[in-house]
Amino acid sequence: MNNADAWGLDGVLDFFDTERSNTGQVYASEWFFLKDRMREGMRVLDVGCAQGGFASVLAEHLKDFRYTGIDINPAMIERARARHPGHTFQTITEDADWACLGDETFDLVLVLGILHLHEGWRRTIAQAWSHTAGCLLMDLRETEGPTIEDKARSYFRMDFGGKDERYASTTLPYVLINSAEALETVRRLTPGARRTSHYGYLHPASASASVPVDGVMTNVWCVER
Ligand SMILES: C[S@@+](CC[C@H](N)C(=O)[O-])C[C@H]1O[C@@H](n2cnc3c(N)ncnc32)[C@H](O)[C@@H]1O
């Protein structure tokens with residue numbers, strides 16, 4: 001099963017009906033940066049938007065903003081459109097350019113909860129940066145050891161919300177980046193950045209992850225033009 005279909009399992013879709021759609025469900029590492037970067041009238045791009053939960057989060061703090069969500073799973077996008085009729089949603093393909101965006105740029109670009117779960121994460125960062133006029137917020141999973149991008153050694157089971165064996169046997173890569181390499185890669189893929197900051201914490205990997213390390217550093221990166 002490809003990544004887009006994995007995100008379209010019924011139980012996974014249902015999970016995002018209720019999760020990650022209010023400020024209380026925003027992780028501390030995300031809120032650390034997001035809380036100071038919301039402005040009336042801002043334009044926001046959410047890459048891997050699922051059902052557009054961050055449109056609801058932003059609406060708790062802003063009266064006026066324009067939100068565009070893109071996602072590789074069409075069923076997520078369908079539910080997002082139904083939940084947020086005033087905003088814009090587009091299905092994209094993982095390996096293609098985001099042609100639906102043209103050359104539009106955004107004050108805030110969110111890439112949360114996806115980079116460690118797909119093979120083309122470097123390309124996603126580069127594309128996200130090309131659409132960033134203000135600030136790019138994204139998260140990586142890091143390790144003090146060598147980078148691991150081999151899905152046979154480090155993977156994520158889609159067993160949340162799962163009803164049967166199909167869910168546990170559907171896996172995505174769980175990409176672990178050496179922290180020094182993460183810094184080098186972020187700097188290389190965001191040319192012209194005025195300031196690069198990160199904030200995160202070391203914790204055990206999620207119960208759905210199978211990883212050959214004891215702790216995983218979850219870092220949110222804030223890259224500003
Ligand atoms: C873990 S959810 C994250 C949702 C939301 N960003 C959040 O932080 O709550 C992953 C979502 O990203 C989408 N996704 C996965 N890989 C993607 C990619 N390469 N480009 C765009 N969307 C992707 C999935 O279809 C799914 O809806």
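Mentor: Buried means under 20% relative accessible area, exposed over 50%, partly exposed in between (1.4 Å probe, protein chains only). This is a predicted model: local features need pLDDT of at least 70, side-chain atom pairs pLDDT 80 or more, and totals for chains, interfaces and linings use all residues. Numbering runs from 1 along each chain as its sequence is written, and side-chain values use heavy atoms, without hydrogens or water.

Trainee: Is His84 buried or exposed?

Mentor: His84 sits in the loop between α5 (74-83) and β3 (88-91); helices (H or I, at least four residues) and strands (E, at least two) are DSSP runs numbered from the N terminus. Its relative accessible area is 9%, so His84 is buried.

Trainee: Which residues does His84 touch, not counting those up to four places away in sequence?

Mentor: Contact means heavy atoms within 4.5 Å. The partners of His84 include Gln51, Gly52 and Gly53.

Trainee: In which loop is Ala50 found?

Mentor: Ala50 is buried, at 12% relative accessible area. Its phi is positive, near 50°, in a residue other than glycine. Most residues other than glycine have a negative phi. Ala50 is in the loop between β1 (42-47) and α4 (53-59).

Trainee: What is the phi of Arg20?

Mentor: Arg20 lies in the loop between α2 and α3 (28-34). With 16% relative accessibility, Arg20 is buried. Arg20 is not a glycine, yet its phi is positive, near 55°.

Trainee: How many disulfides does the rule give?

Mentor: A disulfide is a pair of cysteine sulfur atoms within 2.5 Å. By this rule the count is zero.
Cys49 is in none: the nearest cysteine sulfur, in Cys100, is 10 Å away. Again, the number of disulfides is zero.

Trainee: How far is the sulfur of Cys135 from the closest cysteine sulfur?

Mentor: Cys135 is buried, with 5% relative accessible area. The closest cysteine sulfur is in Cys222, and it is too far for a bond. The distance is 3.5 Å.

Trainee: What is the relative accessibility of Ser154?

Mentor: Ser154 lies in the loop between β5 (132-143) and β6 (155-157). Beyond four places in sequence, Ser154 contacts Ile148, Pro173, Tyr174, Leu176, Ser210, Val211 and Pro212. Ser154 counts as buried because its relative accessibility is 1%.

Trainee: How far apart in space are Ser154 and Val175, C-alpha to C-alpha?

Mentor: The two residues are 21 apart in sequence. In space, Ser154 and Val175 are separated by 6.9 Å.

Trainee: At roughly what angle do the axes of α6 and α8 cross?

Mentor: Axes are lines fitted to C-alpha atoms, for helices over the stretch in contact, with angles from 0 to 180 degrees between N-to-C directions. The axes of α6 (residues 121-130) and α8 (residues 179-189) come within 9 Å. Trp121, Arg122, Ile125, Ala126 and Trp129 of α6 make the contact with Glu181, Thr185 and Leu189 of α8. The crossing angle is roughly 40°.

Trainee: Which residues of α5 meet α2?

Mentor: The axes of α2 (residues 10-18) and α5 come within 10 Å and cross at roughly 25°. The two helices are therefore roughly parallel (under 35 degrees; over 145 is roughly antiparallel, 65 to 115 roughly perpendicular, the rest oblique). From α2 come Val12, Leu13, Asp14, Phe16 and Asp17. From α5 come Ala75, Met76, Arg79 and Arg83.
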